[in-house]
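Please look over the sequence and the structure shown below before reading on. The briefing that follows takes up each chain in turn.

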Amino acid sequence: MLIEGIKSRPQYPGLVADPHANHHVFAADGDGAQAIIDLFNRHGAQIKGRVTIVYAETDANSADYTTRLKQLPVEFVHALPTIVTAIRRLQGVLNVARMGTRIYAAGTETLIGLAVQLSQELGMDPQAVLTEHRGTLARRVQCVHCKGFTENVKTNIVKCAHCGTNLLVRDHYSKRLAAFQGVCVDAEIPGELPEIVEVFK
Amino acid sequence: MNQEFKKETFRDDYTFFNSPESIRRFPFPFWEDKYMYSVNIEPHTKGPAGSVFEFPIDINEHYVSEMQDRAIVLKEDPLRCQALPHMMLAQWDFLELIMTSMARDYPQWFSLKTEGDHWHWINKPLNIDQKFVFGDVSTLPYEPMEYIGRQCQGDFSIQDQRDGQLWIDAGIITTQADWSLDFDVGMNFMEWHGPVPLAHDMKVFDRALKFLLNLQLDQPVRRLNWTMTINPRLDTSPENYNKWGKDRTTVTPENVGDKVHLRVELQALWRLPRSNAILFSIRGYLIKMRELVTVPKWGRRMHRVLKTLPQELIDYKGITRYRDTTLDWLSKYDDGAPTSQGGGAD
Ligand code: HEM
């Protein structure tokens with residue numbers, strides 16, 4: 001379960017088929033593949049037209065997932081090694097997409113966040129992206145001081161990968177940046193850190 | 001000309017202080033001896049001569065020095081001023097509102113002459129004389145929001161209205177109470193208020209948003225908000241929290257009067273005519289505890305408010321570390337006498 005009650009944090013209501021779209025573009029990572037497979041099992045008949053999947057093989061069992069995704073009635077499955085490369089490929093796919101394209105994103109919050117951010121940057125309505133959360137709760141965190149991003153954060157406190165500041169990972173989330181906010185945790189008494197615990201599993 | 005404006009700093013040696021007149025007109029935000037969030041919105045109408053409510057845009061003795069501090073912040077961090085591309089019309093709306101208000105209400109300092117789209121703006125305190133074409137960005141040295149934002153006290157954000165929401169899609173924010181424009185740009189009303197404790201459950205934001213979506217042209221509204229700041233520092237941004245955060249540990253019984261400041265934001269909201277956006281001004285006023293207690297009612301009340309403030313608000317406002325020391329100091333100014341309702345000095 002995601003932590004509830006954080007007002008700036010997006011909701012992920014789950015994938016549903018868009019029967020009016022003529023091109024369905026899926027972005028997924030890790031266990032997000034299962035969400036796509038489940039959607040086809042549930043609503044496969046309503047998914048008409050072209051289907052393109054961009055899949056980041058981020059987990060140990062991802063190669064199996066790629067095989068299973070290719071068995072769906074799809075035009076093409078782009079299998080990429082990381083989230084970053086998958087998002088880059090998604091951009092390539094969306095750059096040539098036409099009217100009637102529906103974007104779906106399934107998997108970790110980071111993958112979903114970056115797909116939503118990309119659609120916004122391409123001038124599409126970010127709220128029109130259909131989303132389903134699967135897998136880790138690890139966070140993408142932006143350091144409010146140097147503005148660098150630190151990926152895959154599982155702990156309440158993390159060292160900024162760029163400036164080395166000890167960051168408290170806040171619950172405040174920016175869709176535009178696809179990241180949670182990290183703020184210096186020991187600014188008041190340098191070196192005084194609370195216990196570091198794994199909270200985003 | 002410039003002697004009406006004090007030369008002072010809001011960083012390093014912190015030479016800021018208030019004249020007696022500036023203390024007298026301070027917008028003390030507590031109308032009773034306790035404080036809790038509420039939908040405290042009232043019409044932004046003309047107040048008594050000399051008060052901070054006399055004019056829609058209040059220019060005071062700190063004007064020139066505050067503008068210099070803003071220039072330093074923007075030089076070091078351009079991300080403090082941002083506007084999404086669709087906000088250009090709203091930027092011009094904003095520039096028009098500020099220039100016409102300042103020129104009308106402070107003709108000794110500012111003047112605006114318009115002939116169609118050909119405008120001539122003079123700002124004597126800052127030695128600016130600018131002719132430009134309204135609507136033509138290339139005729140100004142900055143985009144309109146930054147141009148006029150560098151010449152007007154207070155932070156400003158501009159909210160686009162669409163899908164029954166307000167979106168913070170532009171702003172010039174250099175004196176904020178610990179929130180980041182760069183992080184918040186593009187968020188909606190509920191999202192950017194996400195970190196505020198208690199108020200969501202009290203439905204404060206639901207009601208405030210509903211009210212604002214219906215805000216009418218020429219009927220601006222205002223509210224007061226407050227926090228506390230150590231040293232008269234304007235730039236208490238999260239970006240620089242790693243620089244100013246440790247100031248919170250420097251409060252001692254000896255220095256409370258000079259170090260601890262009440263920071264009040266006079267926030268006003270205007271519907272903008274061309275863009276239908278909403279302008280939000282955050283006009284900050286700082287007062288030292290030593291200055292505040294020169295008004296006996298304020299000294300008493302500050303003590304009582306701070307003493308009974310809910311823990312969630314103490315933590316959210318960052319007062320936790322120095323609250324007890326400040327309370328001890330203020331207790332000398334609270335003789336237990338009753339206080340009258342309202343923020344006025346009596
Ligand atoms: C539309 C213009 C407005 C903008 C841009 C705005 C922006 C903000 C921001 C950025 C914060 C800080 C949140 C954080 O901690 O990150 C804040 C706090 C707050 N806002 Fe607003 N706000 C607006 C209007 C209002 C209105 C109309 C109300 C009326 C009730 C309100 C009530 C509050 C309260 C109670 C807080 C907490 C303040 C504190 O305890 O220091 N805001 N606002």
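This is a predicted model: local features need pLDDT of at least 70, side-chain atom pairs count only at pLDDT 80 or more; totals for chains, interfaces and linings use all residues.

A residue counts as buried when its relative accessible area is under 20%. By that criterion, 60% of the 346 residues of chain B are buried, and in chain A, buried residues make up 53% of the 201 residues.

**Chain A: overall build**
- Chain A contains 4 helices and 10 strands, and along the sequence these follow the pattern β-α-β-α-β-α-β-α-β-β-β-β-β-β.
- The radius of gyration of chain A is 18 Å, which agrees with the value near 17 Å that a compact globule of 201 residues would have.
- Along its principal axes, the C-alpha trace of chain A spans about 60 × 35 × 30 Å, and the chain exposes about 9200 Å², of which carbon and sulfur atoms supply 52%.
- Of the contacts in chain A with a separation of 6 or more, 66% are between residues 24 or more positions apart.

- Strand β1 of chain A, residues 23-29, is mostly covered, as 7 of its 7 residues are buried.
- In a regular strand, side chains alternate between the two faces of the sheet.
- Both faces of β1(A) are covered, with His23(A), Val25(A), Ala27(A) and Asp29(A) buried on one side and His24(A), Phe26(A) and Ala28(A) buried on the other.
- β1(A) pairs in the parallel sense with strand β2 of chain A, residues 50-56, over 7 bridges, and within this pairing Ala27(A) has Val54(A) in β2(A) as its bridge partner.
- Strand β4 of chain A, residues 101-107, runs parallel to β5(A) and is joined to it by 4 bridges; here the bridge partner of Ala105(A) is Thr131(A).

**Chain A: the open sheet of 5 strands**
- This sheet has the strand order β7-β6-β10-β9-β8 in chain A, and its pairing is mixed.
- β7 (149-153) and β8 (157-159) of chain A stand at the edges with a single partner strand each, so one side of each is left without a neighbour in the sheet.
- Neighbouring strands of this sheet are turned against each other by 45° on average, with direction ignored.
- Strand β9 of chain A, residues 166-174, and strand β10 of chain A, residues 179-184, pair in the antiparallel sense over 5 bridges, and Tyr173(A) has Phe180(A) in β10(A) as its bridge partner.
- Helix α4 of chain A, residues 109-121, lies across β6 (139-143), β7, β9 and β10 of chain A, and runs at about 60° to β6(A).

**Chain B: overall build**
- Chain B has 13 helices and 10 strands.
- The radius of gyration of chain B is 20 Å, close to the 20 Å that the globule rule gives for 346 residues, so chain B is as compact as a globular protein of that length.
- The C-alpha trace of chain B spans about 60 × 50 × 40 Å along its principal axes, and its accessible surface comes to about 14300 Å², of which 53% belongs to carbon and sulfur atoms.
- Among contacts in chain B between residues at least 6 apart in sequence, 72% join residues at least 24 apart.

**Chain B: the open sheet of 3 strands**
- The strand order of this sheet is β3-β4-β5 in chain B, with antiparallel pairing.
- β3 (110-115) and β5 (128-133) of chain B stand at the edges, each with a single partner strand, so one side of each is left without a neighbour in the sheet.
- Neighbouring strands of this sheet are turned by 10° against each other on average, direction ignored.
- Strand β4 of chain B, residues 118-123, pairs with β5(B) in the antiparallel sense over 6 bridges, and the bridge partner of His120(B) in β5(B) is Lys131(B).

**Chain B: the iron atom and Ala337(B)**
- His193(B), through NE2, is the single protein donor to the iron atom of the ligand, at 2.0 Å, and this histidine is found in the loop between α6 (189-192) and α7 (204-213) of chain B.
- Ala337(B) is placed in the segment after α13 (323-331) of chain B, and it is partly exposed, with a relative accessible area of 23%.
- Not counting residues up to four places away in sequence, Ala337(B) touches Arg300(B) and Arg304(B).
- The C-alpha atoms of Ala337(B) and Lys297(B) are separated by 9.0 Å, although these residues are 40 residues apart along the chain.

Technical notes:
Residues are numbered from 1 along each chain as its sequence is written. Chains are lettered from A and ligands numbered from 1 in the order in which they are written. Side-chain values use heavy atoms; hydrogens and water are left out. Two strands pair if DSSP finds at least two bridges between them. Helices (H or I, at least four residues) and strands (E, at least two) are DSSP runs, numbered from the N terminus. Axes are lines fitted to C-alpha atoms, for helices over the stretch in contact, and angles run from 0 to 180 degrees between N-to-C directions. Contact means heavy atoms within 4.5 Å. Donors are N, O and S atoms within 2.8 Å of the metal (3.2 Å for Na, K and Ca); water is not among the atoms, so sites may look incomplete. The radius of gyration is taken over C-alpha atoms; the globule rule is 2.2 Å times the number of residues to the power 0.38. Buried means under 20% relative accessible area, exposed over 50%, partly exposed in between (1.4 Å probe, protein chains only). Accessible areas come from the Shrake-Rupley method with a 1.4 Å probe; for residues, only the protein chains shown count as cover.
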